[in-house]
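I opened this notebook to keep track of what I looked up, one entry at a time. The sequence and the model come first.

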Amino acid sequence: MNVSATLNAFRLLKTPSLCLPHATISTFNDLPVPLSNAFGNVKADIRAVVLDKDNCFAVPKENVVYKPYMDKFNSLLTHYPPPHLLIVSNSAGTSSSDAFGTDASSLSSATGIPVLQHSTKKPGCGPQILQHLLTAPGSRVTSADQIAVIGDRLFTDVMLANLMGSWSVWLKDGVVETRNQFVSWERKLPERLMRYGLKATLPGSML
């Protein structure tokens, strides 16, 4: 159970726009690189990227890049080399699901990218992400609004970005088609909220 997502979901009652993305992309292969070009006419100084794993660039429960996405993955890695590219998963690297770091180590080895070890699952691990990106040797990140978070889930990845004061990029079509009814409902939510005039708030720094 993701206690962090459950608790943070109550924030949506007050601020439903927290689950609205700044950019919506079909699949990982459709990501513009550099990511500063993902937000239309809005200027964004993206210096670091946080990547979800499952159903983002990898088949769920697999610790390798989905083969058809390899070229795009390498393009992203070239433009945002570590420490400016970080994988944050709610499976690999979490103290509850990967207590010994086995999956995180396997994933990092396969991708060449560090995997955040975090005790709180998304969307509540923003402070740990910021600490990592701000203090990593060689990092050019000085504020949260220089970070983009890419993922396929509104209530974890997108909400994480918005709570951090970062840019959110929502992949509305994952690697595999979901049969989860809640996820299917979740994917219809942005359109419904935008009918009421709601939109994602432009990032600001929480520092």
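Is K61 buried or exposed? I looked up its relative accessible area, found 81%, and wrote down K61 as exposed, because the cut-off for that word is over 50%. I also noted that the model is a predicted one.

I placed K61 in the loop between β2 and α3. Its phi is positive, about 75 degrees, although K61 is not a glycine. I checked the general rule: most residues other than glycine have a negative phi.

I then turned to N55, which is also not a glycine and has a positive phi of about 65 degrees. N55 is found in the loop between β2 and α3. Its relative accessible area is 8%, and I recorded N55 as buried because the limit for that is under 20%.

**Entry: cis peptide bonds**

The bond joining V33 and P34 is cis, with omega about 5 degrees. I found P34 in the loop between β1 and β2, the latter being residues 48-51.

Another cis peptide bond joins K122 and P123, where omega is about 15 degrees. P123 sits in the loop between α4 (102-111) and α5.

**Entry: the sheet**

In what order do the strands of the sheet lie? I traced five strands in an open sheet and wrote the order as β1-β5-β4-β2-β3, with parallel pairing. At the edges are β1 and β3 (85-87), each of which pairs on one side only. From one strand to the next, I noted an average twist of 20 degrees. For background, strands of a sheet pair through backbone hydrogen bonds.

I went through β5 residue by residue. Strand β5 covers residues 167-171, and five of the five are buried, so the rest of the structure largely encloses the strand. W167, V169 and L171 point one way from β5, while S168 and W170 point the other way.

With β1 (residues 23-25), β5 pairs in the parallel sense over three bridges. There, I25 stands opposite L171 of β5.

With β4 (residues 147-151), β5 runs parallel and is joined by four bridges. I looked up two partners: V149 is bridged to S168 in β5, and G151 has W170 as its bridge partner in β5.

I followed the chain from β4 through helix α6 (residues 154-164) to β5 and recorded a right-handed β-α-β unit. Helix α6 packs on the sheet and touches β4 and β5, and its direction makes about 165 degrees with that of β5.

**Entry: Q146**

Which residues does Q146 touch, leaving out those up to four places away in sequence? I listed D45, I46, R47, A48, R140 and V141. Q146 lies in the loop between α5 (126-135) and β4. I marked Q146 as buried because its relative accessibility is 8% and the cut-off is under 20%.

Last, I looked up a distance from Q146 to T27. These residues are 119 apart along the chain, and their C-alpha atoms are separated by 22 Å.

Definitions and conventions
Residues are numbered from 1 along each chain as its sequence is written. This is a predicted model: local features need pLDDT of at least 70, side-chain atom pairs count only at pLDDT 80 or more; totals for chains, interfaces and linings use all residues. Side-chain values use heavy atoms; hydrogens and water are left out. Buried means under 20% relative accessible area, exposed over 50%, partly exposed in between (1.4 Å probe, protein chains only). Helices (H or I, at least four residues) and strands (E, at least two) are DSSP runs, numbered from the N terminus. Two strands pair if DSSP finds at least two bridges between them. A crossover is right-handed if, with the strands pointing away from the viewer, the path from the first strand over the helix to the second runs clockwise. Contact means heavy atoms within 4.5 Å. Axes are lines fitted to C-alpha atoms, for helices over the stretch in contact, and angles run from 0 to 180 degrees between N-to-C directions.
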